[in-house]
Amino acid sequence: MSPQPLPYAHDVLLALLRDMLRIRRFEERAAELYGEGKIRGFLHLYIGEEAVAVGALHALGAHDAVVSTYREHGHALLKGVPMQAIFAEMYGRQEGCSRGRGGSMHLFDAKTRFYGGNAIVAGGLPLAVGLALADRMQGKADVSVCFFGEGAMAEGAFHESMNLAALWQLPVLFCCENNLYAMGTALARSQSQTDLCAKASAYKVATQAVDGMDVIAVYQATTAALEHIRAGLGPYFLAFQTYRFRAHSMFDPELYRDKAEVEQWKARGPLHTYSARLKAQGVLDEAGFLAMAAQVEAEVEAAIAYAEAGSLEPVEDLYRDVHTPEPAP
Amino acid sequence: MSPPMTYREALREALRDALQRDARVFLMGEDVGRYGGSYAVSKGLLEAFGPERIRDTPLSELGFVGAGIGAALGGMRPIVEVMTVNFSLLALDPLMNTAAALRHMSGGQFSVPLVVRMATGAGRQLAAQHSHSLEGWYAHIPGLKILAPATVEDARGMLWPALQDPDPVLIFEHAQLYNQEGEPGDWQQVDICSAKVRRAGRDLTLIAYGGTLGKALKAAEQLAREGIESEVIDLRVLRPLDDATLMASVGKTRRALVVDEGWRSGSLAAEIITRIIEQAFFELDAPPSRVCSAEVPIPYARHLEEAALPQVSTIVAAAHELCRGA
């Protein structure tokens, strides 16, 4: 527990906790709904990793672009995609944020500049580079933020994207969420260099390793990285050390890691450590916590009710949006 | 009337024109700038438009094609040059999994106004990793529009409408065509939705595109000397196919021969013949036929390369077979 006082206003500190709770409760309910057969396909839970999305996205501006992976519920929620549109998407309803075409892995939202929802590992990195190039060429000050796992760092797309972003000094923030396992393959079993910042540094990109279980550390590191990028000093790479408490997907029997290891990481869980810290510093009491939890619970249940009441896209619309429709004359 | 120019010059003028007309347009790819383009298409454009808009890239097809998609999403109108179709396989993931799919899988939120140009085809003894015709593969993918300019007029005219298209367009330039001379003609009127009859005839329909159009026209001349009048159709657009023009011609000639530099099995030729059978079966006087590349990696030695590709002689022979008994 950090003895130092937390350097932000109470409403900021509480918002960080509330958003971690929102992601956690959203996903716990999503897992239950999966068990009930309401949600199908793949469902990749972010439980345990919430501090990364919350700390990083609280540091971003509304105009900054976010490109994410297939484990993106948290990033989508924090970018401002309405929770009800995400649940509706997972229900396959046309009220979903991708009209029910994408499901859990392909959440998109043009309004908030949330560019998915990319289910090809490392597929989002070149997109972020291109978005940043477009912003720069149009004289905009926005940053493109790309989330990916440490597994993506074995893909060619990672290396090509780091090189392009550094070569062209583009405003890209690379956020690696290192949860130690690429599906079931441990980092040390798949990459010769396990120091992720060393890999990024090879491209002359500024780097910082961050405790991804500590939402304040994430927020501070992201804020500093964005300042660096906005000052025109080029791209930045953040390596967030985190851990996935649940299985890779709903089909994963978790044969590749010890239960003891999972328990050790759970002891460092971002929600309970942070709420304890807030309580220790007098920012939050038990009644306040319970009220916050109840508020989150109500939001989640209302969002599920919205999805339940949603409608199916007519089958006649199957071909809609393969191409952009001609504008009306 | 514009003076004659080469296919290469026509492509360059189209690029210059687009760069002048729309500040959002930029060209990027390997060696497009200082080197002037591996096929010299972009020669002189760096000097005219500067390194931001004529952007040399590292050898990172996956990276810069993906970045082209991102730039298109971000409001630009990128033209990405990939040196050859064989190298484009390194970028197949972003083309197929993102560019082609994004609008549909995002529920209509994101269009990708990206143009990708690449050289395709054989005939220069470049062997098995620089000579294939894979445009038929790309024509398999919903969400893409596939163009194959075979004339100087199309080389000059197709780029601008491709840039106006809100969705990804791939342009395949047959490597044998760059030095071909011709009139740019009515290039302002060029569309990217129709097939064109390049030669009228009554006895059979030769269906070709890109690098095989010239061979089909030569074969038609030879056949005409024997009294067989071929109608030659230039597909121009490989996806979506212009069925109406094809069926109108086949309905008239009652015989169809497809000339496709792709491999035979699962080819564009196979798709076209299937459509003819589905839509015009009862109007046919003979089974539709095709001349494709031999199903081998394209070899280096000249005689073997020639043997692997559709040639005027093989087209003429196939036409004779098709017209036997007529």
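**Helix packing in chain B**

Mentor: In this predicted model, α10(B) passes α14(B) in a right-handed crossing. The two helices, α10 (residues 213–225) and α14 (residues 312–323) of chain B, have axes that come within 9 Å and cross at roughly 55°, and that angle makes α10(B) oblique to α14(B). On the side of α10(B), the contact is made by Lys215(B), Ala216(B), Lys218(B), Ala219(B), Gln222(B) and Leu223(B), while α14(B) contributes Val312(B), Ile315(B), Val316(B) and Ala319(B). Sorted by class, the residues of this contact are seven nonpolar, one polar and two charged.

From α11(B) the contact draws on Asp243(B), Leu246(B), Met247(B), Val250(B) and Gly251(B), and from α12(B) on Ile272(B), Arg275(B), Ile276(B), Gln279(B) and Ala280(B). These residues divide into six nonpolar, two polar and two charged.

Turning to the sheet, seven strands of chain B form an open sheet with mixed pairing, in the order β3-β2-β4-β5-β7-β6-β12. Its edge strands, each pairing on one side only, are β3 (54–56) and β12 (237–239) of chain B, and the twist from one strand to the next averages 20°. Within the sheet, strand β4 (residues 77–84) of chain B runs parallel to strand β5 (residues 115–120) of chain B and is joined to it by five bridges, with Val82(B) standing opposite Met118(B) in β5(B). Helix α3 (residues 61–73) of chain B lies across β2 (25–29), β4 and β5 of chain B, and it runs at about 165° to β4(B).

As for the contact between the chains, 33 residues come from chain A and 33 residues from chain B. On the side of chain A that touches chain B, α5 (124–137) and α6 (156–167) of chain A each supply at least two residues, and the largest share, 10 residues, comes from α5(A). By class, this side of chain A has 16 nonpolar, 11 polar and six charged residues.

How values were computed:
Residues are numbered from 1 along each chain as its sequence is written. Chains are lettered from A and ligands numbered from 1 in the order in which they are written. This is a predicted model: local features need pLDDT of at least 70, side-chain atom pairs count only at pLDDT 80 or more; totals for chains, interfaces and linings use all residues. Two residues are in contact if their C-beta atoms, placed from the backbone, lie within 7 Å. Helices (H or I, at least four residues) and strands (E, at least two) are DSSP runs, numbered from the N terminus. Ala, Val, Leu, Ile, Met, Phe, Trp, Tyr, Cys and Pro count as nonpolar, Asp, Glu, Lys and Arg as charged, and the others, Gly among them, as polar. Two strands pair if DSSP finds at least two bridges between them. Axes are lines fitted to C-alpha atoms, for helices over the stretch in contact, and angles run from 0 to 180 degrees between N-to-C directions. Angles under 35 degrees count as roughly parallel, over 145 as roughly antiparallel, 65 to 115 as roughly perpendicular and the rest as oblique. A crossing is left-handed if the near helix is turned anticlockwise from the far one by less than a right angle, and right-handed if clockwise.
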